[in-house]
Amino acid sequence: MAAARAALRLQRQSLAANPFLFSGHGLRYRKLEVILTTTIDKLGKTGDVVKVAPGHFRNHLMPKMLAVPNLDKFAILVREQRKLYQREEEVVVKQVTKEDDDARLQEERLKQYQAAAKRLDNALLVLRRFISTGNELRTPVTKDEIVSEVARQLNITIHPENLHLQSPLASLGEFELPLRLPQDIPRPEGKLQWTLKVKIRRK
């Protein structure tokens with residue numbers, strides 16, 4: 001009887017010292033300490049020491065080499081593995097940060113373009129010109145002149161291709177000229193497109 005008790009005591013000590021044996025004998029009232037060899041959602045990152053159920057380690061983590069027992073020899077291997085992949089992980093983080101910065105800059109530019117489009121749409125550009133006969137101008141107003149006046153009067157820089165003008169303005173009056181802006185800029189409320197109002201008065 002004493003020999004049987006001693007053998008049982010030695011068996012329990014062996015199970016407690018060896019996680020592999022411990023996980024294989026169905027002892028569910030204790031959890032194992034294991035080292036994760038890869039990042040697992042809701043469990044931990046690579047190299048973390050976590051506690052898991054023996055059955056989970058035996059049936060899932062160990063066969064797929066997702067974790068190893070918390071022993072010194074395995075801890076050294078995991079640390080070396082992390083050193084090898086640490087530089088690559090740092091590079092990936094920098095790339096993601098740069099993409100975030102580019103997206104933020106693009107969003108800020110879009111807001112600036114939209115604010116400029118609203119100013120153009122609400123503004124009235126006034127030009128004074130000499131007339132020849134009736135309401136006809138001596139010199140028609142060209143697209144380049146309108147672009148120059150927008151910069152001078154409204155302090156907004158646009159390009160000739162942003163302005164839809166089929167022919168120069170040749171008479172007095174008020175004109176609403178369509179604007180050709182990037183498609184990313186939302187259309188104005190209640191209108192089909194952005195426009196610029198130009199009024200030509202007699203000089």
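Helices (H or I, at least four residues) and strands (E, at least two) are DSSP runs, numbered from the N terminus. The model described here is predicted, so that local features need pLDDT of at least 70 and side-chain atom pairs count only at pLDDT 80 or more, while totals for chains, interfaces and linings use all residues. Residues are numbered from 1 along each chain as its sequence is written, and side-chain values use heavy atoms, leaving out hydrogens and water.

The chain holds five helices and eight strands, which follow one another along the sequence in the pattern α-α-β-β-α-β-α-β-β-α-β-β-β. Of its 203 residues, 27% count as buried, where buried means under 20% relative accessible area, exposed over 50%, and partly exposed in between (1.4 Å probe, protein chains only). Among contacts (heavy atoms within 4.5 Å) with a separation of 6 or more, 54% join residues 24 or more positions apart.

Helix 5 covers residues 143–154, twelve in number, and reaches 16 Å from its first C-alpha to its last, close to the 16 Å expected at 1.5 Å a residue; this expected span is 1.5 Å times one less than the number of residues. Within helix 5, the residues Ile146, Val147, Glu149, Val150 and Leu154 are buried. Seen down the axis, the buried residues of helix 5 line one face, because they fall within an arc of 165 degrees, the arc being that of the directions from the helix axis to the C-beta atoms. An α-helix has 3.6 residues a turn, so residues three or four places apart point the same way. The face of helix 5 turned away from its buried side carries the exposed residues Asp144 and Arg152. Just after helix 5, asparagine 155 takes a positive phi of about 60 degrees.
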